[in-house]
Amino acid sequence: MRLLSVLFAVSAAAGLGHAETLKPQTLLQDIVTFDNSSLFINGERLMIFSGEVHPFRLPVPSLWLDIFQKVKALGLNTVSFYLDWALLEGEPGVFRGEGIFDYSAFFEAAKKAGMYLIARPGPYINAEASGGGFPGWLQRIKGHLRTADPEYLAATDNYVANVDKLIAKYQITNGGPIILYQPENEYTGAASGVKFPDPDYMQYVIDQARNAGIVLPMMSNDASWTGGHNLPGSGKGEVDIYGHDGYPLGFDCKNPTTWPSGNLITQYRAQHLNFSASTPYTVPEFQGGSFDPWGGYGFDQCGQLINHEQVRVFYKNMFASGVTIFNLYMIFGGTNWGNLGHPGGYTSYDYAAAIAEDRTVSREKYSELKLEANFLQVSPGYLTATPDISNKTGIYSPNTEITVTALVNYTPERGSFYVVRHTDYQTLASTPYTLSLPTSAGNLSIPILGGSLTLSRRDSKIHVADYSIDGHKLIYSTAEIFTWKKFSDRTVLVVYGGEGETHELAIADEVKWKSTGPPVQVKTIKKDDKNSFTVVQWASNSERRIFKAGNLHIYILDRNSAYNYWAPQIDNTLSSLIVNGGYLVRSASINGTSLSLQTDFNTTTTLEVIGVPLGVSELQINGETTEYRVDSEGNYIVKIDYKAPSFSLPDLSTAKWHYIDSLPEIQQGYDDSAWLSANLKSTNNTYVGPLKTPVSLYASDYGFHAGALLFRGHFTATGTETKLYISTIGGSAFGSSVWLNSSFVGSWPGSGAASMHDDTYDLPSALVAGQHYVFTVLVDNMGLDEDWTVGDDSMKLPRGILDYSLYSNTNTTSPKSNITWKLTGNLGGEQYRDKARGPLNEGGLFIERQGYHLPSPPKPSFSSSNASTPFTGLSSPGVAFYTTSFHLSLPSSQYDIPLRFVFDNSTSLESGQSYRAWLYVNGFQYGRYVSHIGPQSSFPVPEGILNYQGENWVGVVVWAPGKKGAKVPGLRVEAGTPIRTGRGEVEVVEGGRWEKRMGAY
């Protein structure tokens, strides 16, 4: 009762209030339930700590388990995922979910790794995907998108029925890993005149899922924390759990060291209580990185913005708000291969996430996140603690430069949590402070043994009070907790602090103690005859201390040392280990007397295994029995030798390249009779106004939605034509080129921001009256725009030609109808030929229509000489394709070796030799490069797309838009650090080889 009275007195001043825990909700099933504090799964209260992964951005199913293991090693227990409608229903009415698009393998991998899943299949996902995940054929419907317009709703039915049938099969109620479902996404803002929010629309989307068998709780993702749309209890269209997203640092990778003023939001909790007090505080997307546009600053620089300091300050601010369903967007970004990205981004979708695009885990933010997630995993009291919503200073610390947010449990044994941050979160100063905390030992001024605590630049800490550790209790700890585990002979607690910081903790009761490592200061405080506690103080440094208080062993570390610790759960048990060392600890299991660890190494390492269960006598590392010794603490000590493997990579500069012209359309006599005629005199496109041309020249009106577009305009000259005006549109960083017959007219090379451009070109020579001429127009489609604003239909912003005019020497224009147009994109359009790689991988270039980018193209169709390589290139405007093959023999069963293709960038727009390039690897388009825009010049390609034990084919398209032509200054294959790995074998994705395509033109 004494602690309760202290807590109530302090919490009244702090504005905590007293929130009763509500009973779990009544839902359609009883496995996944919730109250106002958290989710329950099978009756167990859980923190859902999740990371976003998009399986379609890593088209190698055998690598999905690798990602799940890396996420689980962080201490996260859940992965959230989008699915991309455009990849699954590229042909209206035909759902294709086979091969790399069979996501049952993704769900099975999650189940094998012991991870939960949150399903977010759309239909709209945003996600920096082409069209926001909408298939391009939606441009042809009159209905307004993301509204209750019947034509739009009907268009979604086939996709949702099929994808939700699969999701329903893998719900936790059917033994699968999926625990939550999100209908729609970021349903937050609408165009003027559009009914919004529309409960009928949202109810339809929810009913689609329910009718497909989804019984899980429905959650929302409002794009604004002040939105309040579709709240539980609001009636038609309501969700079960309300959530919002948050990207507080924004995306200014230009200024990665600048944290904008006012962006650390401290009103989240109060707004949650206002909107949805009966549900857990849920954030389905929180900033785990940043996107980056064409012409941006690159993901390395974005990683400096969204770095380990951001993880410390902003994530702990969310914990101070009491979030208990928390998803980081992204935890692994992957790649926008095969034209799947929107025009606001390039091939890489690295996102500066904790797990890099090449699947490495070397970023410091990965390690920092591991510390935080593991702490929450062993701190069940956090889930029921009531957060302070007052944001007052001077209550828990007399230093007002420090803000302390309390999360208090009114049941003392659950403990309380105090989140400390700089009041001015932008400061780069280190600030000394002391604490005044209510505890079961009274209101204590900390540190008791003198001195002060320190909050370094861009730091935040979680201090605990009355924290239970399996029969032991910390009265308080200023050192942060990584984890604790109860073993058969002891309980081990791991705490850490910044280098040089003073820290202090207090253990309930007077204890017999001993300590190893650097000295600590210890004092027993007697409150009265019955109550005492033991205080321990130290200064953090890189040398480990072990403080033993009976069978409680406290491992005292500095933060950088704590980064090396892991806490894998032993498979099929409720037990865990603590492991010190290794690049990655994937999993642990016991078979009889053998303990097996799946572990990765990038250097020679001493591995320490803490808490080996009784009965174990053998240790296996990655399936190999390994010698070990037992140290004085009873821990297993293993020396792991690392030796980088020797292997060779192809030298592309000396490879035998095969060349073919990929713009035969400008050759005299080219036959375009198989092309589609542009004959639509109107368009259903609801985003643009009336056509400015006699017929629609919007590619999606004719079924072409991705990659390069080609138009051929036929006309008979009057002999007076001197100029061509043309307005083209392709999305950010697009380019276009125009030829008249075989003569070059001009190009728009592109800029990072421009999504459309108007050009007026002088015709290359006088035209002969009565003679037939053809304009050939090449437009680079950079992907379709997203559709974030409900009902504005921005996804329908077309690709192709918006307008054109032929001017005479008297500055008059000839009738536009004098030109008749044909067009092409990928062969077959929506009846795309390459089912293995999906509907977006190919565009309309000649070599794509023929399938020459696939492995083993017909060599007789190509020429081969030292003068026909990408490094000699083109001497005039045009498009060339170069292909070569090479064998790899890499020790991939033992080493995970990241490979990348790197373009040398020594060209500029001013040089007149800038160029665009497409990179194909075994038929998969794995790179789009624009030399004068960038920023990407390095393109990771995963094993599985590359065959590490066999033949590989690489193709490069070079588009020279300038009169001087263009060449590739350099292209090479590079390897990152080989990781000695416990990962499973990677299966090569079988996408098929070249076969002659019927009807190809």
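A few notes apply to every view. This is a predicted model, where local features need pLDDT of at least 70, side-chain atom pairs count only at pLDDT 80 or more, and totals for chains, interfaces and linings use all residues. Residues are numbered from 1 along each chain as its sequence is written, and side-chain values use heavy atoms, with hydrogens and water left out.

View 1. Helices (H or I, at least four residues) and strands (E, at least two) are DSSP runs, numbered from the N terminus. E6 covers residues 116-122, and because six of those seven residues are buried, the strand is largely enclosed by the rest of the structure. Buried here means under 20% relative accessible area, with exposed over 50% and partly exposed in between (1.4 Å probe, protein chains only). Two strands pair if DSSP finds at least two bridges between them. E5 (residues 78-82) runs parallel to E6, joined by five bridges, and Tyr82 sits opposite Arg120. Over to E7 (residues 178-183), E6 has four bridges, again parallel.

**View 2. The crossover through helix H5.** E6, H5 (residues 150-169) and E7 make up a right-handed β-α-β unit. Right-handed means that, with the strands pointing away from the viewer, the path from the first strand over the helix to the second runs clockwise.

View 3. Skipping neighbours within four places in sequence, Phe106 is in contact (heavy atoms within 4.5 Å) with residues including Trp64, Phe81 and Leu117.

**View 4. Gly345 in its loop.** Gly345 lies in the loop between strand E10 (325-332) and helix H10 (364-377). Gly345 is buried, at a relative accessible area of 12%. Beyond four places in sequence, Gly345 has contacts with Asp292, Pro293 and Trp294.

**View 5. An open antiparallel sheet.** Five strands line up as E28-E29-E32-E36-E35, with antiparallel pairing. E28 (565-566) and E35 (629-630) are the edge strands, each pairing on one side only. Two bridges link E35 to E36 (residues 636-640), and Val630 stands opposite Tyr636 there.
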